[in-house]
Amino acid sequence: MDWRSDALPAEPTKRRPAVVVEDDGLFPDAYPNTLVVPLTRDQGLAHASFAEQIDPTPENGGTQTCWALAHHVTSVSMRRVDRTPSRVTHEQLSSIRRRIVLALGVA
């Protein structure tokens, strides 16, 4: 995904992988945005309660361990998203969603 090519200082400013965490039935297909969580290889950004560790597998296409930063959940334009065949497991997606709820304080 093209992560905020027009970002302000201290915001992500490059292309990076992300996990789409939005439920397919949440918005109509024509809705122009989607909810995502960015991935990072920087374990220092991975807060223990809010980051899901994702180890590389043939299914997810990863080459290194990374972390899904649930506390960085955001809505982005679909125009910023490049689809790939890579996928997280159902269990990982469920865990990321639980971490989002925890980060938002609605649990």
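## Start at Ile54

Select Ile54: beyond its neighbours within four places in sequence, Ile54 is in contact with Leu39, Asn60, Gln64, Thr65, Cys66, Ala68, Val88 and Gln92, where contact means heavy atoms within 4.5 Å. This is a predicted model, in which local features need pLDDT of at least 70 and side-chain atom pairs count only at pLDDT 80 or more, while totals for chains, interfaces and linings use all residues. Residues are numbered from 1 along each chain as its sequence is written, and side-chain values use heavy atoms, with hydrogens and water left out.

## The core

Next, select Val19, Val21, Val37, Leu39, Ile54, Cys66, Ala68, Ala70, Leu93, Ile96 and Ile100, the 11 residues of the largest nonpolar core. Such a core is a set of buried Ala, Val, Leu, Ile, Met, Phe, Trp, Tyr and Cys residues joined through side-chain atoms within 4.5 Å; buried means under 20% relative accessible area, exposed over 50%, and partly exposed in between (1.4 Å probe, protein chains only). Strand S2 (33-40), strand S4 (66-69) and H1 each supply at least two residues of this core. H1 gives the most, with three residues.

## The whole chain

Helices (H or I, at least four residues) and strands (E, at least two) are DSSP runs, numbered from the N terminus. Of the 107 residues, 30% count as buried.

## Glu52 and its partners

Now show the side chains of Glu52 and Arg99. They meet in a salt bridge (3.0 Å, N to O), a term for a side-chain nitrogen of Lys or Arg within 4 Å of a carboxyl oxygen of Asp or Glu. The pair links distant parts of the chain, with Glu52 in strand S3 (residues 51-54) and Arg99 in helix H1, 47 residues apart. Both Glu52 and Arg99 are buried. A search of the whole structure finds one salt bridge.

Ser95 counts as buried because its relative accessibility is 10%.

## Last stop: Val101

Finish with Val101, in helix H1 (residues 90-104). Val101 counts as partly exposed because its relative accessibility is 33%.
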